[in-house]
Each structure stands twice: as structure tokens, then as C-alpha cells.
Amino acid sequence: MEKKKRKYSRTDRLILGIGFTILGLFVLSIAIPIIYVVLASFMDPTVLNN
């Protein structure tokens, strides 16, 4: 079965690009603090205070 390849207009691509950019920033804003907490749990407390 063949997939139909959909062609997007310039406006559709722009809206998708903006949407994916916002989604990426949202994911980073959640992932970076979680990664920091996980890494901090393995560090020495004096290193974190500096």
C-alpha cells in the first residue's frame, strides 16, 4: 500500500515550523531542570554550593 505524500503550502509549513519550535522549547524547559536534578543527586553538596 502506497502512502500519499502530502504537499504543504508555505503557510502550512510556517505554522508547523512555529509549532515545532514552541514544542521544542517547552520540552527543553522541562528536560533541563530534570537533568540538573538527576546530576545534582550524584554530586557532592559542597560542589553544588560553589
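Predicted model: local features only at pLDDT ≥ 70, side-chain atom pairs only at ≥ 80, totals over all residues.
Visitor: What radius of gyration does the protein have, and what would a compact globule of 50 residues have?
Guide: The protein has 20 Å, whereas a compact globule of 50 residues would be near 10 Å. The radius is taken over C-alpha atoms, and the globule rule is 2.2 Å times the number of residues to the power 0.38.

Visitor: What does the C-alpha trace span along its principal axes?
Guide: The trace spans about 55 × 30 × 10 Å.

Visitor: And how many helices and strands are there?
Guide: The protein has two helices and zero strands. These are DSSP runs, numbered from the N terminus: helices are H or I with at least four residues, strands are E with at least two. Helix α1 covers residues 10-42, and I22 lies in it.

Visitor: Is I22 buried or exposed?
Guide: I22 is exposed, because its relative accessible area is 54% and exposed means over 50% (buried is under 20%, partly exposed in between, with a 1.4 Å probe and protein chains only).

Visitor: What about V38 and L14?
Guide: V38, also placed in helix α1, is partly exposed at 45%. L14, found in helix α1 too, counts as exposed at 53%.

Visitor: How much of the protein is buried overall?
Guide: Of the 50 residues, 2% count as buried. The protein exposes about 5300 Å², with carbon and sulfur atoms supplying 69% of it; areas come from the Shrake-Rupley method with a 1.4 Å probe, and for residues only the protein chains shown count as cover.

Visitor: Which residues form the nonpolar patch on the surface?
Guide: Y8, L16, F20, L23, F26, V27, I30, I34, V38 and F42 form it, with about 1000 Å² of accessible area together. Patch residues have over 30% relative accessible area and no salt bridge; nonpolar side chains (Val, Leu, Ile, Met, Phe, Trp, Tyr) are joined within 5 Å, like charges within 9 Å. A salt bridge is a side-chain nitrogen of Lys or Arg within 4 Å of a carboxyl oxygen of Asp or Glu.

Visitor: Switching to distances, how far apart are L14 and Y36 in space?
Guide: They are 33 Å apart, C-alpha to C-alpha, and 22 residues apart in sequence. K7, in the segment before α1, has its C-alpha 46 Å from that of A40, 33 residues apart along the chain.

Methods:
Residues numbered from 1 in each chain as written. Heavy atoms only, no water.
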